[in-house]
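Please read it alongside the sequence and the coordinates.

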Amino acid sequence: ISVRDGKVINIEGNPDSPINRGTLCPKGAASFQLAVNPLRSTRALHRKPGAANWEEIDLSTAMDMIAERVKQTRDATWVDTVTIKDAEGKDVQKKASHTLGIFSLGGATMDNEWNYTQLKLMRGLGVIAIENQARI
């Protein structure tokens, strides 16, 4: 990563690397735009139900709104137990402790540390629908 006056000006691979000879993976190649793109969102926006326009809101307000909605969804869709058939065909109650109302989708643009943290958070919330293209 080349930096001038505290700003990223270029990202390139190491041409001396015997593994990739300086080529970058798609994530590495896109990192420059992720860091310096003038179209990158840098503030929290909210569009009220039925509204046509987005309005800027404080980040802590946005985080509180997200937390409230996650909690409401989790509470409304929580499955404490499920009924299954045992080997003899009898109904048996089993502990489930999960929600099917929240889905987590991760991707390669997030680093492995963030993907791991997100996975732990989702499992802690009882989410079982977790998909990620990264290798965790």
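Helices (H or I, at least four residues) and strands (E, at least two) are DSSP runs, numbered from the N terminus. This is a predicted model, in which local features need pLDDT of at least 70 and side-chain atom pairs count only at pLDDT 80 or more, whereas totals for chains, interfaces and linings use all residues. Residues are numbered from 1 along each chain as its sequence is written, and side-chain values use heavy atoms, with hydrogens and water left out.

Over residues 1-39 the chain is 28% helix and 18% strand, with the end C-alpha atoms 21 Å apart. An unreviewed UniProt entry annotates residues 1-39 as "domain: 4Fe-4S Mo/W bis-MGD-type"; UniProt positions are given in the numbering used here, feature names are shortened, and annotations may be inferred rather than shown by experiment.

Three strands form an open sheet with mixed pairing, in the order β5-β6-β7, where two strands pair if DSSP finds at least two bridges between them. Because β5 (78-85) and β7 (127-132) each have a single partner strand, they stand at the edges, and one side of each is left without a neighbour in the sheet. The twist averages 45° from one strand to the next; axes are lines fitted to C-alpha atoms, for helices over the stretch in contact, and angles run from 0 to 180 degrees between N-to-C directions. β6 and β7 run parallel and are joined by five bridges, and Thr99 has Val127 in β7 as its bridge partner.

| Helix | Strands touched | Angle between directions |
|---|---|---|
| α2 (residues 59-77) | β5 and β6 | about 150° with β6 |
| α3 (residues 112-125) | β5, β6 and β7 | about 160° with β7 |

Just after α3, Gly126 takes a positive phi of about 90°.

His98, found in strand β6 (residues 91-106), counts as buried because its relative accessibility is 14%. Not counting residues up to four places away in sequence, His98 touches Thr77, Trp78, Val79, Gly126 and Ile128.

Methods
Buried < 20%, exposed > 50% of the residue type's maximum accessible area, 1.4 Å probe, protein only. Contact = heavy atoms within 4.5 Å.
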